[in-house]
Amino acid sequence: MRNFSKFVLSLAMVAVIGLLGAKGVFAFNERTIICSGGSYFDKYGPSQYWYEHSGYGWCNKTSPGWCENGQCSDQSPYNGVSRSMWKTYSGCSLSNYARWNMGNIAQWSYWYTFVPNGYSTTTAAPFSITYNGGSTYNFTINQNAYNNRWISLPTTSNYYQVMNTWLDDDTCESPSTQIGFDETEICKEANSSSAYCPGSHNP
Amino acid sequence: MKVLNQLPKKAVAILPLIAVFILVGVVASRTTPVGAQQDPKQTRIESLTKKLQDAIADVQKNGEFTTDRHGEKVYAGETATRMEQLHKEVSEEINELQARPAAERAVTVNALNQWNDSFLYKVSGQPRQNVRYIRQVGGIQNFKKDGVEVYVSEDYAYQVDVATNKVLDAYIRPKEVGEPKEFMDMTPRYDSAQLEQMAKDVIASQNLGVDLDKLTLEKGQKIGTYFFTWQGENGKSLQVAFTQGGQLIGYTNAGFFDNL
């Protein structure tokens, strides 16, 4: 009897874990913040033009904030410094750019990015998101107009199967103009609205 | 299994039952009850989403692709046009299905026009803003709030509490490629102290019943833009942003919802 009980218990636990995993508890969730210090964030271009700043951005504001897989924690192994953001400077041709891997989840999502209170002065940060199996949506964000807040897309609503977010440096502004790279987020559309979004990962 | 052996026999015997109950509960929560009628709107949303999914699956096999400047494989040519159009149609229909009736949204648009008249157009040459509905949203900057809708105009995005038609958030919105650049009066006209007083006036006009003297003020500045953020308990905040020319470019009520 005891062995049978153990067998049933093990089977049930495996099933429950499998169901939770299928829903994305251990990977991307309904509200997924992709941290600019983590393994879902890739920087491209000459390393000497990338600058990391401690004590800025979403991770610093919420102190410590929440990002996928804990990459926003105070002493994240993914960051050279804690609670950081990245920046590069404006140019007239593509040199440095970054990608946030948004998960390519088969769901309708709202999109957000966090603009820190420093090191982000471009008036036309060139973002693009890929979605829908291969469509591209291009837009610009005036980072100079925001201070520590989440920003959504220009006019559109929800996007299906968001794949990647890209941010480039070829804004062709003054060479001292800074382009800030911080967190991005997608929130699953649920019952007409995404509760606790943007920002929070509660409940 | 050593842990199991250390537990009382009765407890061990109950564990499988608990596990089965959890399993049944999880499965039941994901299953529509037999005989239950599904919401026709939800049925339509699922049908539309299936239509899009089928199209995506088809073009992955038969569509035209290219590699973009980042090295990502994306749609090209007629495939790109067709898939973008289909996504737009489906997204817009779903959005409309989930929205309040247009007549109710029109009341909110009127409230936003009045808000714009009160707080925008203070600087010379700022274009009139034509407001339109975008979608519903579930929170304001990390604070859950039911019954909030997003509206946009040419240069701004707004979030409004539809129960009171009070503006909770207004900010310069991002731009699609090809749209005119947003109007920003960057004339060096006001200093930080003057703009701080203007920010206090904006908040006072919202009638939130908040005593700013009991909050902590954080000042921020970028290039010709000024930000005044009053921090309260539990992360609540009120933020007002101006250009140095005196144009309001941001107002955010994050969490002060008690006296709307």
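**Strands, helices and loops of chains A and B**

Chain B has six helices and eleven strands, where helices (H or I, at least four residues) and strands (E, at least two) are DSSP runs numbered from the N terminus. This is a predicted model, in which local features need pLDDT of at least 70, side-chain atom pairs count only at pLDDT 80 or more, and totals for chains, interfaces and linings use all residues. Residues are numbered from 1 along each chain as its sequence is written, and chains are lettered from A and ligands numbered from 1 in the order in which they are written.

Q: How many Å separate the centres of domain 1 and domain 2 of chain B?
A: Chain B is divided into domain 1 (40-98) and domain 2 (102-254), with bounds from an automatic or database domain assignment. Taken over C-alpha atoms, the separation of the two centres is 34 Å.

Q: Are helix 3 and helix 4 of chain B roughly parallel or roughly antiparallel to each other?
A: The axes of helix 3 (residues 40-62) and helix 4 (residues 77-98) of chain B come within 10 Å and cross at roughly 170°. Axes are lines fitted to C-alpha atoms, for helices over the stretch in contact, and angles run from 0 to 180 degrees between N-to-C directions. Angles under 35 degrees count as roughly parallel, over 145 as roughly antiparallel, 65 to 115 as roughly perpendicular and the rest as oblique. Helix 3 of chain B and helix 4 of chain B are therefore roughly antiparallel.

Q: Which strands are the edge strands of the open sheet in chain A?
A: Three strands of chain A form this sheet in the order 3-4-12, with antiparallel pairing; two strands pair if DSSP finds at least two bridges between them. Strand 3 and strand 4 (residues 84-89) of chain A pair over four bridges. Pairing on one side only marks the edge strands of chain A, strand 3 (51-54) and strand 12 (178-181).

Q: Is Asn132(A) buried or exposed?
A: Asn132(A) lies in the loop between strand 7 (125-131) and strand 8 (135-141) of chain A, and its phi is positive, near 60°. A residue is buried if 20 or more other C-beta atoms, placed from the backbone, lie within 10 Å of its own, exposed if 12 or fewer, and partly exposed in between. Because Asn132(A) has 27 C-beta neighbours inside 10 Å, it counts as buried.

Q: Where is Asn148(A) placed?
A: Asn148(A) is not a glycine, yet has a positive phi of about 60°. With 23 C-beta neighbours inside 10 Å, Asn148(A) counts as buried. Its place is in the loop between strand 8 and strand 9 (149-151) of chain A.
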